[in-house]
Amino acid sequence: MSTRTRFIPEPRTAAIVGCPFSGGQPRPGVDKGPIHLVEAGLIEQLEGLDWKVKFDGHHQFEEINTEDDPPIGILKNPRLVSRVTESVAKVVGDHVRQGQLPVTLGGDHSLATGTISGTLSVHPDACVVWVDAHADINTVESTESGNIHGMPVSFLLGIGTKVDLFSWVKPLLKPERLVYIGLRDIDAGERRILKENNIKAFSMHEVDKYGIGKVVEMALDHVNPGRNLPIHLSFDVDALDPSVAPSTGTPVRGGLTFREGHYICEAIYETGCLVALDLMEVNPSLAGDMNAEQTVAVGCSLVRSALGETLL
């Protein structure tokens, strides 16, 4: 059942960080994702995999909510997103510092500004495996929507015009320590940013061409060739095909199958290097009740796979 976990001491503890937050994008309901995932039995499922699970309730962001949060340029809800992600960075960083594995349940993907900052504050050499239909690397210059859930990677890398509100984000992520799997909906500006910064990305074209096993191997060879660096896995459920995970805010046809998504999680667990996991963009208010239930069940299943559940 358990593989060696290089950075997590025994007895292994997973800390559930529930982030019911939707401020990085316009569609309501994604703030309900973490609540549904926990209600679906995720804590008990992880305990069944021999993890101790720490869960102190979902983070309440009401005290952070700002009545007056006008756009800065095109950026929407900038004060709210900055304050929430900064508080998440502290929480995740504390768990990592204590040798626990934070499992952050989103909420929208702007939260990764915080989760990955938290990981890098303890493990500055960590690499990031970003599984998503979207690159989320828009800068202030390139964003067309101003939705900050499409921008966290640019903040983490420190590229584009600096936004004073996000000056707390230290640009600790190096382009060579980042790899994408599953991209299929990329803005023109993002395509340029990926090329300029020489960032390794495996789109669905490569998944089709090589198969998921080879893609994960190549991705890890790039960011973690010795399989000895800490790994932060940030998984957006819209990486999966909408037939697998329909209840998400920005679904795109032609995504990862159920098994391909799970294989990524299993393979990263097998390295023994996982130090933090994000599961983002589960939105139970979209696509109807049965589809929501299906998406939540798949979300729980992905987390179990990343924490050691195997088929045999």
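**Entry 1: cavities**

I searched the whole of this predicted model for cavities. I found one of 30 Å³ or more. The space in the largest cavity comes to about 30 Å³.

Next I asked which residues line the largest cavity. I listed Thr-5, Trp-51, Leu-101, Tyr-269, Gly-272, Cys-273, Leu-274 and Ala-306. I sorted this lining by type: six residues are nonpolar, two are polar and none is charged.

**Entry 2: the largest pocket**

I then turned to the largest pocket, which holds about 290 Å³ of space. I counted 18 residues in its lining. Which of them are the closest to the centre of the pocket? I noted His-134, Asp-136, His-149, Gly-150 and Asp-187. Sorting the pocket lining gave me nine polar residues, nine charged ones and no nonpolar ones.

**Entry 3: two helices**

Two packed helices are described by the angle and the distance between their axes. I looked up both values for α8, residues 212-223, and α9, residues 258-271. Their axes come within 10 Å and cross at roughly 40°. I therefore wrote down α8 as oblique to α9. I also checked the hand of the crossing of α8 and α9, and it is right-handed.

Where do α8 and α9 meet? On the α8 side I found Ile-212, Gly-213, Val-216 and Leu-220. On the α9 side I found Glu-260, Tyr-263, Ile-264, Ala-267 and Thr-271. I sorted the residues of this contact too: six are nonpolar, two are polar and one is charged.

Methods: Residues numbered from 1 in each chain as written. Predicted model: local features only at pLDDT ≥ 70, side-chain atom pairs only at ≥ 80, totals over all residues. Heavy atoms only, no water. Axes fitted to C-alpha atoms, helices over the stretch in contact; angles between N-to-C directions. Helix = DSSP H or I, 4+ residues; strand = E, 2+ residues; numbered from the N terminus. Parallel < 35°, antiparallel > 145°, perpendicular 65-115°, else oblique. Left-handed = near helix turned anticlockwise from the far one by under 90°. Contact = heavy atoms within 4.5 Å. Nonpolar A, V, L, I, M, F, W, Y, C, P; charged D, E, K, R; others polar. 1 Å grid on protein atoms, 1.4 Å probe; cavity = no way out; pocket = protein on both sides within 12 Å on 5 of 7 lines; lining within 4 Å. Points joined across faces, edges and corners; volume = space filled by probe spheres on them.
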